[in-house]
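Keep the structure open beside you as you read.

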Amino acid sequence: MGTQAPENYPPEKDARTAREKAIDDWLPITSSRNAKWWYSAFHNVTAMVGAGVLSLPYAMSELGWGPGIAVLIVSWIITLYTLWQMVEMHEMVPGKRFDRYHELGQHAFGEKLGLWIVVPQQLVVEVGVNIVYMVTGGKSLKKFHDVLVCDDSGCDSKHNIKTTYFIMIFASVHFVLSQLPNFNSISGVSLAAAVMSLSYSTIAWGASVDKGKLPDVDYHLRATTTPGKVFGFFGALGDVAFAYAGHNVVLEIQATIPSTPEQPSKKPMWKGVIVAYIVVALCYFPVALIGYWAFGKAVDDNILITLSKPKWLIALANMMVVIHVIGSYQIYAMPVFDMIETVLVKKLHFPPGLTLRLIARTVYVAFTMFIAITFPFFGGLLGFFGGFAFAPTTYFLPCIMWLAIYKPKRFSLSWLTNWICIILGVLLMILSPIGGLRQIILDAKTYKFYQ
C-alpha cells in the first residue's frame with residue numbers, strides 16, 4: 001500500500017501498476033507532495049487547537065490548581081513525544097512512506113490486525129471531531145448573532161433563531177469546501193484557521209485580564225458532592241486529552257511533504273511540529289490559567305460565555321472560532337475522504353473522478369450535520385470522545401507501535417518512557433469517558449430533540 005517518495009528512489013522499488021499509480025495520484029493524501037515545512041506548522045496548529053481551548057478554564061475548575069497545571073503540562077510533554085515518534089516512523093523502511101495512520105499500524109501489527117486496531121479508532125476520532133465541530137460552529141454562529149442582535153436580557157421571539165439553523169448554515173460552507181481535492185489545496189483555509197485560533201485564545205485571556213479577578217472568586221472544586229467531584233475530575237481529564245489530539249492526521253500531513261534519502265520529510269515536518277507546539281502552548285496555558293484565575297469555579301464551559309462584555313469583542317471572538325472550526329473540520333475530514341474514496345475506487349472499483357468525489361463528500365458532510373443537529377451536547381461529547389478514542393491514538397498507540405517495531409531493550413530509557421506513556425494513556429482512556437457519559441446523561445434529561 002505504501003506509495004513512493006517522489007522520483008528520488010530507484011524506479012524498480014515502485015511495484016505499483018499504472019492504474020494503482022493513477023489512483024494514488026488522485027487520492028487526497030498522496031496526490032500532492034510539494035508542501036513546505038510551514039504547511040505542517042499551521043496544519044498541526046489547526047488540527048490541535050480546537051475550540052476545546054475555550055473549555056480549559058472549566059476543566060481547571062474541576063481539577064483545581066495543582067492537578068490542573070500538572071495535567072496540562074504532562075499532556076503537552078507526552079503528546080509531543082508521541083508525535084515525534086510518529087514523525088520518525090513515517091519513513092523508517094527505506095524507500096517506503098507510511099502515508100496513513102493505518103499503514104503504520106499494518107506494518108507494526110500485521111495487515112489484518114493493524115487495520116482493525118487503527119481504522120475504527122481513527123474514524124471515531126475524525127468523525128467525532130467533525131460532529132463536535134459542527135455543533136461548535138453552529139453554536140458560535142448563534143452566539144455571534146445573539147450578541148449583535150439581542151439585548152442583555154436575551155432574544156425576543158422575532159430574533160430568536162434555533163441552533164439547528166445555525167448548524168445548517170455552518171454546514172453549507174463545508175458542502176463547498178469539502179470539494180477541495182487534498183491537503184495542499186486547503187492550506188489557505190488552514191492558515192486562516194491557525195491565525196484565528198491564536199487570535200481568539202488571546203482575546204479570551206486578554207479580556208479575562210482586563211476584567212480582573214472576581215471580588216469573591218472561589219477556587220474550590222466546582223462540584224459539592226464527592227461523586228460529583230470524582231466524575232467532574234474524570235470528565236476534565238477527557239477535556240484536556242481532547243485538547244492535544246492532532247495525532248490522527250499527522251502522518252497524512254507529513255505525506256504531503258517531499259522526501260529524498262538525503263533530505264527526508266521528517267526534518268521539515270519536525271520543524272513545523274515544534275513551531276505548532278509553541279503556538280499550542282501560547283494558546284492553552286494563558287487561557288486555562290488566566291481564565292481560572294479570573295473566574296474560579298464560576299467559569300462557564302465556554303469562557304467566551306463568561307466574558308459577556310465588551311459586546312463587539314465577544315462577537316469578534318465567536319466569529320474567529322467559526323473560521324477556525326471551518327479549517328479544523330476540513331483537516332479532520334480529509335483522511336476520512338481519503339478512506340471513503342480508497343474503498344470506493346480500490347475495493348468497489350468505481351471510476352475515480354469528480355462525480356464520485358462530489359457525491360461521497362456531500363453525503364459525509366450531510367451525515368455529520370444530521371448527527372450534530374440531533375445530539376448537540378457539546379461539553380459531554382468532548383469528554384466522552386476525548387477519552388474513548390483520542391487517548392489511544394494520541395497517548396499510547398504510537399508507543400505500542402514503537403515497542404513492536406524497534407523492540408528497545410527491557411528497562412532501557414526508551415522502554416520505560418513508552419511504558420509510562422502507555423499506562424497513563426490507558427488510565428485516561430478508562431477514566432475520562434465515565435465523566436463525559438455522566439454529563440451527556442445529565443444534559444439529555446432536559447433536552448428536547450430538534451428544539
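Predicted model: local features only at pLDDT ≥ 70, side-chain atom pairs only at ≥ 80, totals over all residues.

Residues are numbered from 1 along each chain as its sequence is written, and side-chain values use heavy atoms, with hydrogens and water left out.

Start with H1 (residues 18-26) and H13 (residues 311-347), whose axes come within 11 Å and cross at roughly 160 degrees. Helices here are DSSP runs of H or I with at least four residues, numbered from the N terminus; axes are lines fitted to C-alpha atoms over the stretch in contact, with angles from 0 to 180 degrees between N-to-C directions. H1 and H13 are therefore roughly antiparallel, a label for angles over 145 degrees. Arg19, Ile23, Asp24 and Trp26 of H1 make the contact with Glu341, Val345 and Lys346 of H13, where contact means heavy atoms within 4.5 Å. Those residues split into three nonpolar, no polar and four charged (Ala, Val, Leu, Ile, Met, Phe, Trp, Tyr, Cys and Pro count as nonpolar, Asp, Glu, Lys and Arg as charged, and the others, Gly among them, as polar).

Now look at H3 (residues 56-63) and H9 (residues 226-243): their axes come within 8 Å and cross at roughly 145 degrees. On the H3 side you'll find Leu56, Ala59, Glu62 and Leu63, which meet Gly232, Phe233, Ala236, Asp239, Val240 and Ala243 in H9. This set divides into seven nonpolar, one polar and two charged.

Next, find His174 in H7 (residues 163-177). Is it buried or exposed? His174 is buried, at a relative accessible area of 0% (buried is under 20%, exposed over 50%, partly exposed in between, with a 1.4 Å probe and protein chains only). Leaving aside residues up to four places away in sequence, His174 touches Met134, Ile326, Tyr329, Gln330 and Val365.

His349 sits in the loop between H13 and H14 (354-374). His349 isn't a glycine, yet has a positive phi of about 55 degrees, and is exposed at 55% relative accessible area. Lys407, in the loop between H15 (378-406) and H16, also isn't a glycine and has a positive phi of about 45 degrees. Lys407 is exposed too, at 63%.

Finish on H16 (residues 413-445): at 1.5 Å a residue, its 33 residues should span 48 Å, and the end C-alpha atoms are 49 Å apart, which agrees. That expected span is 1.5 Å times one less than the number of residues. Buried residues of H16 include Trp415, Cys421, Leu428 and Ile440.

How values were computed:
Helix = DSSP H or I, 4+ residues; strand = E, 2+ residues; numbered from the N terminus. Parallel < 35°, antiparallel > 145°, perpendicular 65-115°, else oblique.
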